[in-house]
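The sequence and the structure come before the text.

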Amino acid sequence: MASSKFSSPNSGPNWTAEKNKLFENALAIYDREAPDRWHKIAKIVGGTTAEEVKRQYEILQEDINRIESGKFPLPKYWKGQGSSKRNTITNEEQRLKNLKL
């Protein structure tokens with residue numbers, strides 16, 4: 001789920017792929033029980049508020065729900081991309097587990 005291209009129209013013009021990557025990594029650090037979670041994540045991402053970070057999280061959850069419900073198909077992976085589909089899915093499942101989603 002690196003740099004979700006599905007949510008870009010709702011994310012606003014200031015939410016770059018680099019910010020999204022920082023956001024995803026910060027989510028792996030600060031779980032749901034972390035005090036001041038959104039403020040800490042906003043500080044890591046930079047140039048954003050806790051409210052914007054929380055909205056980005058809601059968008060990410062919506063994307064995940066659409067993918068899991070089959071409303072948005074997973075991309076087709078080609079053998080020449082360096083990893084098999086099986087490994088990619090396993091890596092994605094591990095990321096979701098790390099994000100506690």
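## Salt bridges and helix packing

Aspartate 63 is buried, at a relative accessible area of 2%; buried means under 20% relative accessible area, exposed over 50%, and partly exposed in between, with a 1.4 Å probe and protein chains only. The model is predicted, so local features need pLDDT of at least 70 and side-chain atom pairs count only at pLDDT 80 or more, while totals for chains, interfaces and linings use all residues. Residues are numbered from 1 along each chain as its sequence is written, and side-chain values use heavy atoms, with hydrogens and water left out.

The partner of aspartate 63 is arginine 66, and the closest N and O atoms of this salt bridge are 2.5 Å apart. A salt bridge here is a side-chain nitrogen of Lys or Arg within 4 Å of a carboxyl oxygen of Asp or Glu. Arginine 66 is partly exposed, with a relative accessible area of 32%. Arginine 66 and aspartate 63 lie three residues apart in helix α4, which means a separation of about one helical turn.

The whole structure has four salt bridges.

| Pair | Closest N to O distance |
|---|---|
| Arginine 66 and aspartate 63 | 2.5 Å |
| Arginine 55 and glutamate 58 | 3.4 Å |

Arginine 55 is partly exposed at 36% relative accessibility. Glutamate 58 has a relative accessible area of 32% and is partly exposed, and glutamate 62 is partly exposed with a relative accessible area of 32%.

On the scale of the chain, there are five helices and zero strands, in the order α-α-α-α-α along the sequence. Helices (H or I, at least four residues) and strands (E, at least two) are DSSP runs, numbered from the N terminus. Of the 101 residues in the protein chain, 29% are buried. The accessible surface of the chain is about 7000 Å², and 52% of that belongs to carbon and sulfur atoms; these areas come from the Shrake-Rupley method with a 1.4 Å probe. Contact means heavy atoms within 4.5 Å. Among contacts between residues at least 6 apart in sequence, 54% join residues at least 24 apart.

Helix α3 (residues 37–45) packs on α4 at an angle of about 95°, with the axes 8 Å apart. Axes are lines fitted to C-alpha atoms, for helices over the stretch in contact, and angles run from 0 to 180 degrees between N-to-C directions. The two helices are therefore roughly perpendicular, given that angles under 35 degrees count as roughly parallel, over 145 as roughly antiparallel, 65 to 115 as roughly perpendicular and the rest as oblique. From α3, Arg37, Trp38, His39, Ile41 and Ala42 meet Ala50, Val53, Lys54 and Tyr57 of α4. By class, this contact has six nonpolar, one polar and two charged residues. Ala, Val, Leu, Ile, Met, Phe, Trp, Tyr, Cys and Pro count as nonpolar, Asp, Glu, Lys and Arg as charged, and the others, Gly among them, as polar.

Helix α2 (residues 17–29) packs against α4 at about 85°, with the axes 11 Å apart. This makes α2 roughly perpendicular to α4. Asn20, Phe23 and Leu27 of α2 make the contact with Val53, Gln56, Tyr57 and Leu60 of α4. The contact of α2 with α4 has five nonpolar, two polar and no charged residues.
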